[in-house]
Amino acid sequence: MKLRYAHHFLEFKYPFGISSGSRTGTPVTFVSLASGGATGYGEASMPPYLGESHESVGSFLEKAKPVLQEFPGPFSLQDILTKVDAIEEKNTAAKAAIDIALHDLAGKLAGKPVHELLKTDKTKTPHSTYTIGLGDLHLLPQKILEAEGFPMLKIKLGSANDRQVITELRKHTQKPLAVDVNQGWKDKHFALDMIHWLSVRNVVFVEQPMPKTMTDEMGWLTERSPLPTIADESVQRLSDMWDLRGIFSGVNIKLMKCTGILEAMEMIAIAKADKLKILIGCMSETSCAVSAAAQISPLADWCDLDGPLLIKKDYFDGIKFVNGKIVLNDEAGIGAVPKEDLGLK
């Protein structure tokens, strides 16, 4: 298989109250894998906390080229990705780009969509949340209007004015709300008080309320919380799943953190066995990576796959949202095609 790649940047439509990773946007690298007359596409998105960059991803992909050339096609996925994973530690977004491209290529060569290869039921896709960034409160009405078709919203908290933000939001909408605290609450008693306050304001779950280092405090909080607590920064890969038992109510699985679809499916199996709620999430991503994540969305309780809707330019045409519900197409592969020449080399 022949690997090619190109570096780009993604810019948010609105500020989210956190660094996008660069003055010019979030770094993203698109890859392609060619074999048997077909081409599969993948994507690596690199928010700051992953510790990846165009340089690190490019270096990893160069090391992956000879490994991928050992295989004539994508159908030995487990063997290929095991070898790719062993090249270096970390580099999860780079590995995810390869995983996505392999799944896309396998689907195209088989003439089937990835959701069919994975035996997920495309009629059972959930609705996605639509994220309302922190930003300026005066922009809330405009952001809520843009999310009109989505039945559930998501907002990022973790600042000094959390109650003010929710109170202002509730002046404009009573839609169910997912809350992402991004490790922002440092005191377990304060966190529990906030969750009780949120629970009577139509909040559905609270994502990563406390720092990932505060494991004991997080377990104490989950035991008493009236709302499900969802791990995000506390879990990245399959090996982290064993540490969630008794600490969180659920897990946010993101392809960029767990190296792609193959490992995400294994994490989902463990989550279901441990009766953990499952949220399928995304970074700042185009419809390439989000279309890949959507293939496993029928297995989730919730999804947060609005990434392509929050960036200024989407380089791919892929899955659609109908009144917020994820609609998978029947195109072979992940169902995403480039809108333009990506400059892959």
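Author: Nine bridges join S1 to strand S2 (residues 26-35), and the two run antiparallel. Two strands count as paired if DSSP finds at least two bridges between them. Strands here are DSSP runs of E, at least two residues long, and helices are runs of H or I, at least four residues long; both are numbered from the N terminus.

A word on the source. This is a predicted model, where local features need pLDDT of at least 70, side-chain atom pairs count only at pLDDT 80 or more, and totals for chains, interfaces and linings use all residues. Residues are numbered from 1 along each chain as its sequence is written, and side-chain values use heavy atoms, leaving out hydrogens and water.

Now the sheet. Three strands form an open sheet in the order S1-S2-S3, with antiparallel pairing. Strand S1 (2-10) and strand S3 (38-45) stand at the edges. Each has a single partner strand, so one side of each is left without a neighbour in the sheet. From one strand to the next, the twist averages 20°. Strands of a sheet pair through backbone hydrogen bonds, either parallel or antiparallel.

A helix covers part of this. Helix H1 (residues 54-69) lies across S1 and S2. Helix H1 runs at about 165° to S1. Axes are lines fitted to C-alpha atoms, for helices over the stretch in contact (heavy atoms within 4.5 Å). Angles run from 0 to 180 degrees between N-to-C directions.

Now the wider setting. The protein has 11 helices and 15 strands. Its radius of gyration, taken over C-alpha atoms, is 19 Å.

Burial comes next. Of the 345 residues, 58% count as buried. Buried means under 20% relative accessible area, exposed over 50%, and partly exposed in between (1.4 Å probe, protein chains only). Helix H11 (residues 287-294) is mostly covered, with eight of its eight residues buried. Among them are Ser287, Cys288 and Val290.

Terms used: Rg over C-alpha atoms; globule rule 2.2 N^0.38 Å.
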